[in-house]
Amino acid sequence: MILRHGKWTGIFLLVAGIYLLLPVICLEGGLMMFSKKIKAQEIFALPDFAAKGNMTVEQALKNRHSTRSFTSEALGLEEAGQLLWAAQGINRPQKKYRTAPSAGALFPLEVFLVAGKIDGLEPGVYRYLPPEHGLSRIKTGDLRRDLYNQALRQSSVVNAPAVIVISGIYERTTGRYGDRGRQYVHMEVGHAGQNIHLQAEALNLGTVVIGAFNDSGVQQVLGLEQNEIPMYLMPVGR
Ligand SMILES: Cc1cc2nc3c(=O)[nH]c(=O)nc-3n(C[C@H](O)[C@H](O)[C@H](O)COP(=O)(O)O)c2cc1C
């Protein structure tokens with residue numbers, strides 16, 4: 001009887017202990033997650049994007065060409081934001097759909113800004129956050145020369161005030177479409193790259209799509225995960 005009584009007391013104490021400790025465990029875990037979130041999400045808001053410009057789409061198409069040399073003039077933060085929005089910005093907030101089409105709306109692309117000379121933005125590497133139309137910093141410092149070294153020393157990469165990098169995460173699309181999903185990711189990079197090209201024209205800026213670079217070297221410079229495959233570097237400037 002005493003033994004049985006002791007067993008029930010033990011169970012009662014165990015349950016009461018868990019009950020009392022649970023809020024502490026949750027609070028601790030919650031605080032840890034919260035502080036991690038704050039750290040990982042130091043978001044820089046970009047100026048509002050414009051939905052109207054001074055050039056028609058026909059004029060932008062007529063003018064589009066590759067530009068590989070740039071003046072030393074800085075890029076405005078508004079211009080940088082507009083180019084990023086053109087690449088992968090949200091244009092239908094209700095659905096969170098973007099300026100470029102995406103197979104199955106799976107959005108495998110990530111867009112980065114390697115900032116060298118941008119007014120109002122410290123040099124560094126930033127990830128574009130479409131829902132916030134903002135940036136989160138990945139690295140500080142001017143990394144254009146490191147990027148240039150990984151891109152066959154193509155001078156456009158080091159001379160431009162900023163370089164936009166588009167990467168693709170195959171698994172986001174192959175998860176639904178199998179191997180064919182890889183092709184879809186490549187097609188989507190083309191859409192985003194052309195959007196940047198046309199937007200650059202409309203802003204009287206120049207750019208070029210660069211596909212010749214060392215993948216793992218670029219990943220290292222930008223601090224990308226292994227499954228984030230860099231696909232286009234796009235130096236932009238005047
Ligand atoms: C997939 C792809 C990869 C490219 N890679 C490079 C590159 O590494 N460096 C470069 O200067 N231009 C690169 N280009 C740009 C082409 O050289 C350019 O589009 C071509 O010469 C036609 O000139 P246009 O863009 O002025 O019409 C690339 C273009 C494409 C589509």
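## Overall make-up

A residue counts as buried here if 20 or more other C-beta atoms lie within 10 Å of its own, with C-beta atoms placed from the backbone. By that criterion, 37% of the 238 residues of the protein are buried in this predicted model. The secondary structure comes to eight helices and nine strands, and among the contacts in the protein with a separation of 6 or more, 72% are accounted for by residues 24 or more positions apart.

## The sheet and a helix packed on it

Seven strands form an open sheet in the order 1-6-5-4-7-9-8, and their pairing is antiparallel. Strand 1 (43–45) and strand 8 (206–207) each have a single partner strand, so that one side of each is left without a neighbour in the sheet.

Within this sheet, strand 4 (residues 109–115) and strand 5 (residues 124–129) run antiparallel and are joined by four bridges, with V114 standing opposite V125 of strand 5. Helix 3 (residues 77–88) packs on the sheet, where it touches strand 4, strand 5, strand 7 (162–168) and strand 9 (229–237), and its direction makes about 165° with that of strand 4.

## Helix 7

Helix 7 (residues 180–202) has 23 residues and, at 1.5 Å a residue, should span 33 Å, which agrees with the 34 Å between its end C-alpha atoms. Just after this helix, N204 takes a positive phi of about 60°.

## Surroundings of the ligand

The residues around the ligand are H65, S66, R68, Q154, V208, V209, I210, G211 and A212. Sorted by class, this shell consists of four nonpolar, four polar and one charged residues.

Definitions and conventions:
Residues numbered from 1 in each chain as written. Predicted model: local features only at pLDDT ≥ 70, side-chain atom pairs only at ≥ 80, totals over all residues. Near = placed C-beta within 6 Å. Nonpolar A, V, L, I, M, F, W, Y, C, P; charged D, E, K, R; others polar. Pairing = 2+ DSSP bridges. Helix = DSSP H or I, 4+ residues; strand = E, 2+ residues; numbered from the N terminus. Contact = placed C-beta atoms within 7 Å. Axes fitted to C-alpha atoms, helices over the stretch in contact; angles between N-to-C directions. Expected span 1.5 Å × (residues − 1). Buried ≥ 20, exposed ≤ 12 C-beta atoms within 10 Å, placed from the backbone.
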